[in-house]
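Here is a short briefing on one protein model.

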Amino acid sequence: MLMPAAWTPTAWLRFASAAINLVRQRGKLRIIAGLWRGRRLPIANIEGLRPTPDRVRETLFNWLQQDIPGSVCVDLFAGSGALAFEALSRGARQVVAVEQNPQACEQMRQSAAELGTDRLQVVCADVGEFLRQSERPDLPDDPWQIVFMDPPYDLGYPPPQWPQLQGHVRLADNTLVYLESHSRFRDTPLADNAAPWTIQRQKVAGDVCYRLLQRCPVPRQE
């Protein structure tokens with residue numbers, strides 16, 4: 001194979017270096033903004049693991065920019081930890097990441113150690129089982145102010161765990177919930193019994209439909 005005349009040895013070296021860097025970045029999670037802006041974290045090699053795309057994360061955290069600092073968040077179906085680490089980088093006080101795959105959980109713990117943070121608590125458990133355990137002495141007592149829910153798309157919309165979450169005793173009065181689904185569910189109503197929840201934002205990007213819901217405070221009885 002002959003080198004094209006227009007390609008000098010220096011150009012080939014630059015091309016090769018860029019190609020090597022691209023390969024190295026595969027399987028990496030990039031933190032978009034905040035304290036760890038630009039940091040790349042390893043992603044566990046697990047079939048079906050689907051980190052929230054950069055474009056979607058950027059829009060979501062623009063929506064949440066006034067709410068994230070100092071907040072207590074729960075990341076359900078955490079997977080790679082993309083949402084958890086982005087929230088921490090942008091000032092969340094504490095994030096509980098719930099994921100049932102032990103390999104993914106271990107990778108999130110290693111990434112937290114690499115970043116030098118103790119603000120991430122990884123719970124290796126089934127999401128439904130976690131939500132059934134309303135009292136857990138190993139978790140902070142603070143109400144959940146923001147919940148990320150990015151389930152496998154084959155669970156449908158809303159996922160089967162939604163009824164357990166929407167009335168959970170640990171939710172704050174005005175909890176925000178990020179709920180992701182496949183775009184084919186873009187026009188599917190949340191549920192007949194979801195009256196206390198309003199859709200604040202909704203957007204579609206490729207195969208991803210993502211929504212930001214807010215819990216409406218229940219009027220107190222006099």
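The model is predicted: local features need pLDDT of at least 70, side-chain atom pairs count only at pLDDT 80 or more, and totals for chains, interfaces and linings use all residues. Residues are numbered from 1 along each chain as its sequence is written, and side-chain values use heavy atoms, with hydrogens and water left out.

**Geometry and contact**

- Helix α2 spans residues 54-63 and helix α3 spans residues 82-89. Helices are DSSP runs of H or I with at least four residues, strands are E runs of at least two, and both are numbered from the N terminus.
- The two axes come within 11 Å and cross at roughly 45 degrees. Axes are lines fitted to C-alpha atoms, for helices over the stretch in contact, and angles run from 0 to 180 degrees between N-to-C directions.
- α2 and α3 are therefore oblique to each other. Oblique is what remains after roughly parallel (under 35 degrees), roughly antiparallel (over 145) and roughly perpendicular (65 to 115).
- On the α2 side, R57, L60 and F61 make the contact; α3 supplies A82, L83, E86 and A87. Contact means heavy atoms within 4.5 Å.
- These residues divide into five nonpolar, no polar and two charged. Ala, Val, Leu, Ile, Met, Phe, Trp, Tyr, Cys and Pro count as nonpolar, Asp, Glu, Lys and Arg as charged, and the others, Gly among them, as polar.

**Surroundings of α2**

- V56, R57, T59, L60, F61 and W63 are the buried residues of α2. Buried means under 20% relative accessible area, exposed over 50%, and partly exposed in between (1.4 Å probe, protein chains only).
- Their packing partners include α3, β1 (28-30) and β6 (144-149). β7 (171-182), β8 (197-205) and β9 (208-215) are also among them.
- P53 sits in the loop between β2 (40-42) and α2. P53 is partly exposed, at 34% relative accessibility.

**A buried loop residue**

- L139 lies in the loop between α5 (127-132) and β6. Its relative accessible area is 7%, which is buried.
- Beyond its neighbours within four places in sequence, L139 is in contact with V96, Q121, V123 and F130.

**Whole protein**

- The protein has six helices and nine strands.
- Of its 222 residues, 46% count as buried.
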